[in-house]
Amino acid sequence: MSLNHSLDCGTPARKSEELVTLTIDGTEVTVPKGTSIMRAAAELGTAIPKLCATDSLEPFGSCRMCLVEIEGADGRRYKGYPASCTTLVEPGITVRTQTPKLAELRRNVMELYISDHPLDCLTCAANGNCELQDTAGQVGLREVRYGFKGENHFDVKNEGKCASYRADGAKKDESNPYFTYDPAKCIVCNRCVRACEEQQGTFALTISGRGFASRVSPGMNEPFMESECVSCGACVAACPTATLTEKTVIEQGQPEKSIVTTCAYCGVGCGFEAQMQGTQVVRMVPWKDGQANHGHSCVKGRFAWGYATHPDRIKTPMIRKSIDDPWQAVSWDEAIAYAASEFKRIQAKHGRNAIGGITSSRCTNEETYLVQKLVRAAFGNNNVDTCARVCHSPTGYGLGVTLGTSAGTQTFDSVLDADVIVVMGANPSAGHPVFASQLKRRVREGARLIVIDPRSIELVDSPHVAADFHLKLLPGTNVAIVTALAHVIVTEGLVNETYVAERCDAESFKLWREFVARPEHSPEATEAVTGVPAAVVRGAARLYATGGNAAIYYGLGVTEHSQGSTTVMGIANLAMATGNVGRMGVGVNPLRGQNNVQGSCDMGSFPHEFPGYRHVSDDTVRGSFEQAWGVALDAEPGLRIPNMFEAALDGSFKGLYCEGEDIVQSDPNTQHVEAALRAMECVVVQDIFLNETAKFAHVLLPGSSFLEKNGTFTNAERRISRVRKVMPPLAGKEDWEVTVALSNALGYPMNYAHPSEIMDEIARLTPTFAGVSYDKIERLGSVQWPCNDSTPEAGTAIMHIDRFVRGKGRFMLTQYQPTDEKINERYPLILTTGRILSQYNVGAQTRRTHNNQWHSEDVLEIHPHDAEERGVKEGDWVGIASRAGETVLRATITERVQPGVVYTTFHFPESGANVITTDNSDWATNCPEYKVTAVQVTPVAQPSEWQRRYADFRRAQIDRLPGRGKRERERV
Ligand code: SF4
Ligand code: SF4
Ligand code: SF4
Ligand code: FES
């Protein structure tokens, strides 16, 4: 059996209470109504030959390979030989899948296919993993009596016979950096076209031409790279032949084994099979049993994994006294001993609180747990924080106070039961592409869509999906919008009174109802503030409250504001008031940005919380950790990341252990971050590359990529999935081993033989994880927390079913407070930031892949009106100046942004997008206000002063690395 298709039952499983019993080849089988005969036969272990069918797609019935003979319940034979993939089971029928006549018919059909197929099997990239080859063997084809005898109609030598069919040409399309299309091998089974439509929802492909001239055509008969293809790879995975093939397979050959792991990019947490030759990855194939992705993927997880073995990888520990010194390559022992001695020296001189640690949402749960343990137990303080500080910390706060727990309420599959979908401050097509495909599928099935976003994102209006309402608000006015929506729900009598009376806190609801009903919160009164016409707000509110199951999905456009926590609370208020929490199809769903944002928060990496969101001042909780860890722990919350920077500039914070996080590039006000790092005496960076932060470091500890270690990630559904080591760590150590070594060198012993032991400790100390273990994940594929004695074995899919985690749902008042970041004559535009599909976060991984072919620099989106006013033309360099700093980007003119708003991404360090963002932050959590910066945009001819200075600094830092050629490998 070929690796890719080993479990293919031919057609999708059906869910029906009604069961049907039939007989296949003399054996009775009972299956749900709606099941195909092909799938029913597969349940019995009978594989009917097939080409156009696959169980990830709806049956199509084009290849005629799967013919069967059927007798009805009345004993009368069905006419002809029906295709078993498109014929559904009926009670009492008798099916024969193997008869001499069927064998002859199938051989004849196969002979026709092979008569027009180049028979270069031995040198074909799919050799050993080709369904055409397998099926020809299965039907016993032994001779081909006609046709092109090993060539096909596209072949040059047949020009005389078939010149007209060569109009499209047999030319391979190699435009996509990751896969090729070879029309000579196409059997026109349509699987690729259906995968693009059904799984991905992009509709990039069609079959053009007829008969011999048929061929797969991207877009308007364009090369893949020029079409609307987003390179998700679904068509490649669906193709049964070598027509669509990964270039890595062409170059390296077929894989020989497969290890299931989890994508290290976004918070969807797709399961992948790492298909390997020895310790070399040949390709990543989306795992069909992955419960977050069901066999689908996006361009990042599917193809952009080459960074893991990029020549820029740091493979040797290094130390230096000062950041102006060259790096000195040392052994692991020397590097760890140096870092530990520096931390001890600093604490002896400046006090216990003079050092801290930062962990990252890219790290595994086990690694993050160990970093916070190291800080609390070995450093002896609570100065630990995580990059979730700068993205979803308001989610933790807002959902904690309203619903009682800091996590999304649903599974991703829940969207398939939604009737109304609200997407607020998120662009799933770029940030969470596999979830976006599910969402779009549900909208195509008839769900209504409301988008609340300053930009016209893809979901607002694209060929196959359009929003019913687009609330195109001004950045910074989220709270005014959610309160106006609540106003309509309350004043128009749309509250679900029964739900609220049963499930929510009466006193807080009374106060909230009175608050939102005030005239100043009406859509008409807030229209001037938000820029959204009152009628649109009213229409959206009515649809949300009355349209059936309504689900809200939100992203960083909600949280990264000075009132991020307030908007999160406002969203929870809306869901509670309309009874939209606690069942499939509804809920409040933060779309977590990075792969393990949820996990890094769960693991206690905030300065005030132990794992499981329990405050460090809680004596009982602290006592349990003190007992388990054998050390006294501090009851006072430690420093958050921005407080660490301030303390460093004050001279009281001198040492930092930073694992997997690039604070120089990702935190706001870059100049401030750089100054803070320069003020420290020992910065230890643990990362796979010499990232921007490492350029200010004194100790560089090589990190391990997700392919080189064991552990778990927790996705946005609270789903804990295994990360499995598929190759040895390039620098010799997994990240958790480095933290263990540092702790031991500091004198606090840690002793684990495998990350599963770390998870066992987490489970022992964290009630919501009590039932989590590697054994269970191995058995079930994944589990969702809360997972303990009071939940089903696999944990909790939907939260707050009968009651909220906090007991009664609590309504919070959401008073709109305009941000301090005001536009004025000097800074008349609002800059907001976001992501793009092909790049990821600070770009450290994706910039080192072919994904640069889609997006090789950050650009500034500007509305035609604003561009014209400033004399800016498409592609011009423009200076963007804010109160914090200035940078220069290329401009692109588009109506995706509204007049007065400009937009950029932050994937390239040289862009300096965070040089211009300010120190403003969320009132409750200090999450930076990335989404609102007042700026001026002017045409310029050269890079900003910061960019020139920084380019020099980066070049000098790269020169300080041992070895030659580094400069060429880095973009400077
Ligand atoms: S790679 Fe994805 S988007 Fe592109 S054609 Fe194939 S299925 Fe469609
Ligand atoms: S490219 Fe592959 S999947 Fe698409 S029609 Fe041809 S053989 Fe079928
Ligand atoms: S980046 Fe996200 S959506 Fe894409 S494959 Fe990875 S987990 Fe899935
Ligand atoms: S597999 Fe049934 S017609 Fe192709």
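Analyst: A residue counts as near a molecule or strand when one of its heavy atoms lies within 4 Å of it. The model is predicted, so local features need pLDDT of at least 70 and side-chain atom pairs count only at pLDDT 80 or more, while totals for chains, interfaces and linings use all residues. Residues are numbered from 1 along each chain as its sequence is written, chains are lettered from A and ligands numbered from 1 in the order in which they are written, and side-chain values use heavy atoms, with hydrogens and water left out.

Let's start with ligand 1. Its surrounding residues include Phe 179, Cys 196, Gln 200, Leu 205 and Phe 224, together with the run Cys 229, Val 230, Ser 231, Cys 232, Gly 233, Ala 234 and Cys 235. Helices and strands here are DSSP runs (H or I, at least four residues, for a helix; E, at least two, for a strand), numbered from the N terminus. Both α5 (191–200) and α6 (234–238) give at least two residues to this shell. By class, the shell around ligand 1 holds nine nonpolar and three polar residues, with no charged ones. In that scheme Ala, Val, Leu, Ile, Met, Phe, Trp, Tyr, Cys and Pro are nonpolar, Asp, Glu, Lys and Arg are charged, and the others, Gly among them, are polar.

The loop between β5 (179–181) and α5 deserves a look too, as it contains Asn 190. Most residues other than glycine have a negative phi. Asn 190, though, has a positive phi near 75°. Asn 190 counts as buried because its relative accessibility is 13%; buried means under 20% relative accessible area, exposed over 50%, and partly exposed in between (1.4 Å probe, protein chains only).

For comparison, turn to ligand 3. Among the residues around ligand 3 are Cys 263, Cys 266, Cys 270 and Cys 298, as well as Tyr 265, Phe 272 and Lys 300. Here α8 (299–303) and α13 (433–444) are the elements that supply two or more residues. The shell of ligand 3 has eight nonpolar, two polar and one charged residues.

Arg 718 sits in the loop between β28 (711–714) and β29 (719–723), and its 0% relative accessibility is why Arg 718 counts as buried.
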